[in-house]
Amino acid sequence: MHSPDPLISDSGWRPTVMHHAAGALRYTEYDFFKRWIIRRMAELENAPTDVSRDHEFTDWKALSGFVEDFLDMAKG
C-alpha cells in the first residue's frame, strides 16, 4: 500500500491507531494578505469566512480521550 506520508513510506512504520485533529482558522492573528488568502481558500472548502473572529474545529474532548487511550495502550 502506497502512502503519501513520507514518514510512513520511508520508515515502514504502520500506526495501529490514528486521530485526526481538525485545527482552527485564526483570522484575528493573520496579517491582511494572509487573512485574504485564507478566506479565499476557506470559501472553496465551504469553511467559515467571517474574518472578524477565529474559528475552532478541534474536538478537544475527543482528542483528550484519544491521548488517554493511546497512553494506556502504550503502557501495555
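## Salt bridges

In this predicted model the count comes to four salt bridges. One of them pairs Arg 26 with Glu 56, with the closest N and O atoms 3.0 Å apart. This pair links distant parts of the chain, since Arg 26 is in the loop between β1 (24-25) and α2 whereas Glu 56 is in strand β2, 30 residues apart. Arg 26 is partly exposed, with a relative accessible area of 31%, and Glu 56 also counts as partly exposed, at 37% relative accessibility.

Helix α2 holds Glu 43 and Arg 39, which lie four residues apart, about one turn of the helix, and form a salt bridge whose closest N and O atoms are 3.1 Å apart. Glu 43 forms a salt bridge with Arg 40 as well, here with the closest N and O atoms 3.7 Å apart; because these two residues are three residues apart in helix α2, about one helical turn separates them. Through salt bridges that share partners, Arg 39, Arg 40 and Glu 43 are joined into one network. An α-helix has 3.6 residues a turn, so residues three or four places apart point the same way.

## Nonpolar core and surface patch

The largest nonpolar core consists of five residues, namely Leu 25, Tyr 27, Tyr 30, Ile 38 and Ala 42. Within this group, Tyr 30 is in contact with Leu 25 and Ile 38, and its contacts also include Ala 24 and Arg 35, when neighbours within four places in sequence are left aside.

Leu 71, placed in helix α3 (residues 60-75), counts as partly exposed because its relative accessibility is 45%, which lies between the 20% and 50% cut-offs.

## Helix α3 and positive phi values

Helix α3 has 16 residues and reaches 22 Å from its first C-alpha to its last, close to the 22 Å expected at 1.5 Å a residue. Just after α3, Gly 76 takes a positive phi of about 90°.

Most residues other than glycine have a negative phi. Asn 46, a residue other than glycine, has a positive phi, near 55°. Asn 46 is found in the loop between α2 (32-44) and β2 (55-56), and it counts as exposed because its relative accessibility is 73%, over the 50% cut-off.

Key: Residues are numbered from 1 along each chain as its sequence is written. This is a predicted model: local features need pLDDT of at least 70, side-chain atom pairs count only at pLDDT 80 or more; totals for chains, interfaces and linings use all residues. Side-chain values use heavy atoms; hydrogens and water are left out. Buried means under 20% relative accessible area, exposed over 50%, partly exposed in between (1.4 Å probe, protein chains only). A nonpolar core is a set of buried Ala, Val, Leu, Ile, Met, Phe, Trp, Tyr and Cys residues joined through side-chain atoms within 4.5 Å. Contact means heavy atoms within 4.5 Å. The expected span of a helix is 1.5 Å times one less than its number of residues. A salt bridge is a side-chain nitrogen of Lys or Arg within 4 Å of a carboxyl oxygen of Asp or Glu.
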